[in-house]
Amino acid sequence: MKNIVYIATSMDGFIADSHNNLDWLTNLPNPDGSDFGFSKFIDTIDALVMGRKTFEKVLSFSEWPYKKKVFVLSRTLKKVPPELEDKVEIVSGDINDIISSINKRGFFNLYIDGGETIQSFLKMDLIDEMIITRVSIILGGGIPLFGNLDNQITFKVLETIKLSDNMVQTRYVRGN
Ligand SMILES: NC(=O)c1ccc[n+]([C@@H]2O[C@H](COP(=O)([O-])OP(=O)(O)OC[C@H]3O[C@@H](n4cnc5c(N)ncnc54)[C@H](OP(=O)(O)O)[C@@H]3O)[C@@H](O)[C@H]2O)c1
């Protein structure tokens, strides 16, 4: 049972720019059309847990990109578009309760997505692994991946790979 982050950040640690855009990430040169290991990663997880703001961003894409079940954390959202009713569920409440009820339903390895959401999980030390792709751009502002924590959290580096001239990907696992 693992909660895993897979996310891209700027060199200065932002996951979206100050206009909530991802162009700095999606417009990177990619002549081979590679997904840089994303679909292989998706094969290893059972479901996604994402924040409402990330969900709304994904809804703006031309098509729904996930084949796995998506749980959307929200205290405000009441329903999802009808075409996603069998793919997406809204959840709210205590994070530990949410995760244990998702695990009880057979979804064990969870992909945790969205900055505020990841920060909520980190506050409770609920992240086991992080795969962070760092893009070689300094955005100067935007939505941060990390925020304040009451306690430090240490991770071990499993590997770092250069994905392209603009991206380095590091895999971290919880541990000292
Ligand atoms: N670079 C990347 O790889 C990447 C990946 C993912 C997202 N993004 C970008 O990041 C931005 C969104 O991230 P974000 O940090 O703004 O927000 P987020 O984590 O996606 O969503 C935050 C919202 O999730 C809900 N939420 C979070 N924790 C909760 C909890 N414990 N209980 C109940 N609800 C909870 C709340 O929704 P309510 O207000 O409805 O209660 C909160 O406003 C978007 O621009 C997206 O494109 C980038």
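Modeller: The buried residues of α3 pack against β3, β4 and β6. Here, two residues are in contact if their C-beta atoms, placed from the backbone, lie within 7 Å. Helices (H or I, at least four residues) and strands (E, at least two) are DSSP runs, numbered from the N terminus. The model is predicted: local features need pLDDT of at least 70, side-chain atom pairs count only at pLDDT 80 or more, and totals for chains, interfaces and linings use all residues. Residues are numbered from 1 along each chain as its sequence is written.

The buried residues in α3 are Thr-54, Phe-55 and Val-58. A residue is buried if 20 or more other C-beta atoms lie within 10 Å of its own, exposed if 12 or fewer, and partly exposed in between. Viewed down the axis of α3, these buried residues fall within an arc of 105°, so they line one face of the helix; the arc is that of the directions from the helix axis to the C-beta atoms.

Phe-55 is also among the residues that Val-72 touches, along with Met-50, Arg-52, Leu-77, Val-88, Ile-90 and Val-91, if residues up to four places away in sequence are not counted. Val-72 belongs to the largest nonpolar core, which has 26 residues, and is one of those with the most contacts inside it, with Val-5, Val-49 and Ile-112. Such a core is a set of buried Ala, Val, Leu, Ile, Met, Phe, Trp, Tyr and Cys residues joined through C-beta atoms within 7 Å. Elements giving two or more residues to this core include α3, β3, β4 (69-73) and β6 (109-113). The largest share, four residues, comes from β4.

The ligand is the other neighbour to consider. α3 (52-59) supplies at least two residues of the shell around the ligand, as do β1 (2-10), β2 (14-16), β3 (47-51) and α5 (115-123). In total, 27 residues surround the ligand, and Thr-54 is among the closest, with Ala-16, Gly-51, Gly-114 and Gly-115; a residue counts as near if its C-beta atom, placed from the backbone, lies within 6 Å. By class, the shell has eleven nonpolar, ten polar and six charged residues. Asp, Glu, Lys and Arg count as charged, Ala, Val, Leu, Ile, Met, Phe, Trp, Tyr, Cys and Pro as nonpolar, and the others, Gly among them, as polar.
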